[in-house]
Amino acid sequence: MNDWQLSQTYSSSSGEVCWDSLGEAGLEPVVLLHGTPFSSYVWRGIARSLARDHQVYVWDMPGYGASDKATGQDVSLAAQGRIFAELLTYWGLAEPVVIAHDLGGAVALRAHLLQGARYRRLALVDAVALAPWGSPFFRLVRENADVFGQLPPTLHRALVREYISSASSPGLHPATLDRLVEPWMGNDGQSAFYRQIAQADQRYTDEIQDRYSTIDIPVLVCWGTDDAWIPVAKGRELASRIPSAQLRLIPEAGHLVQEDAPAELTGALIAFLRE
């Protein structure tokens, strides 16, 4: 349960961000972005594999994982995009490879298209990028976040476990599920869970999706064919909107491809990095 710890911190405008790096300093940098309701933990195995030949940076977005969770905190996509651009400057990374999952995809795209962050390559894994997005459950919670925030802890735990479980097609190992659920427990965690959903506004991708045709770096779009959260048709559409994009479908994997098909995803990413 404690095999993944982030040892560094960065003070951002949305609270303290926990981060770390793996691999030898000076190797080609790769930055991994997680989505919702996850954390850098979902990248643990792939990060360690990539760290053999790269310096890999991982971080928990404000409001997620081990990073700060606070009342009134701005955890919107606009804030996350700005903070990611700040982090790249803080790390001294002028043009890293960026690999982003789910909501992290929107964060990486906003930082690149609106904040001027430069990447050498970009991989988008089951990314939030095109309207409409958000499952019926996600939209229901967003519209009634205050009500859901008052659930008794036992019901909240059951809801979060069921929701996270649905991100996997074959099902998650119980210990992995426990680790993914744990940051959202307790008073701070429960409030943070509904806060990040309440602030997940589609307008933040509406602002940029017409600009995808201007992306001129190598892009890989990876998608689980059994993704029940964002249909694979969205992956095909996203790849078609980016002139340089390749599309790689991962069979029998759900939205959480890192857990469902880690070997296949790692292989696709390594091949993309070596091109």
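Predicted model: local features only at pLDDT ≥ 70, side-chain atom pairs only at ≥ 80, totals over all residues.
## Overall form

The protein chain contains 12 helices and 8 strands. Its radius of gyration is 17 Å, close to the 19 Å that the globule rule gives for 275 residues, so the chain is as compact as a globular protein of that length. Along the principal axes, the C-alpha trace spans about 50 × 40 × 35 Å.

Of the 275 residues, 57% count as buried. The accessible surface of the chain comes to about 11100 Å², and carbon and sulfur atoms account for 48% of that surface. Among contacts with a separation of 6 or more, 77% are made by residues 24 or more positions apart.

Two strands are described here as partners of β4. Strand β2, residues 15-22, pairs with β4 in the antiparallel sense over 4 bridges. Within this pairing, D20 has V58 of β4 as its bridge partner. Strand β3, residues 29-33, runs parallel to β4 and is joined to β4 by 4 bridges. Here P29 stands opposite Q55.

Together, β3, helix α1 (residues 44-50) and β4 make a right-handed β-α-β unit.

## The enclosed helix α3

In helix α3, 11 of the 11 residues are buried, so this helix is largely enclosed by the rest of the structure. The helix begins with L103, G104, G105 and A106, which are among its buried residues. R110 and H112 are also included in the buried set, as are L109 and L113.

Several elements contribute to the cover over the buried residues of α3. They include the strands β3, β5 and β6, together with helix α2 (77-91) and helix α9 (203-206). Strand β3, one of these covering elements, is also part of the β-α-β unit with α1 and β4.

## Cis peptide bonds

A cis peptide bond joins T36 and P37, with omega about 0 degrees. P37 is placed in the loop between β3 and α1, two elements of the right-handed β-α-β unit.

Another cis peptide bond runs from A131 to P132, and its omega is near -10 degrees. P132 lies in the loop between β6 (121-125) and α4 (136-143). Strand β6 is also included in the cover of α3.

## Residues with positive phi

D102 has a phi near 55 degrees, a positive value in a residue other than glycine. This residue lies in the loop between β5 (97-101) and α3 (103-113).

E252 is found in the loop between β8 (245-250) and α11 (257-260). Its relative accessibility is 62%, and because exposed means over 50%, E252 counts as exposed.

Definitions and conventions
Residues numbered from 1 in each chain as written. Heavy atoms only, no water. Pairing = 2+ DSSP bridges. Right-handed = clockwise from strand over helix to strand, strands pointing away. Buried < 20%, exposed > 50% of the residue type's maximum accessible area, 1.4 Å probe, protein only. Rg over C-alpha atoms; globule rule 2.2 N^0.38 Å. Contact = heavy atoms within 4.5 Å. Areas by Shrake-Rupley, 256 points an atom, 1.4 Å probe, with all protein chains shown as cover.
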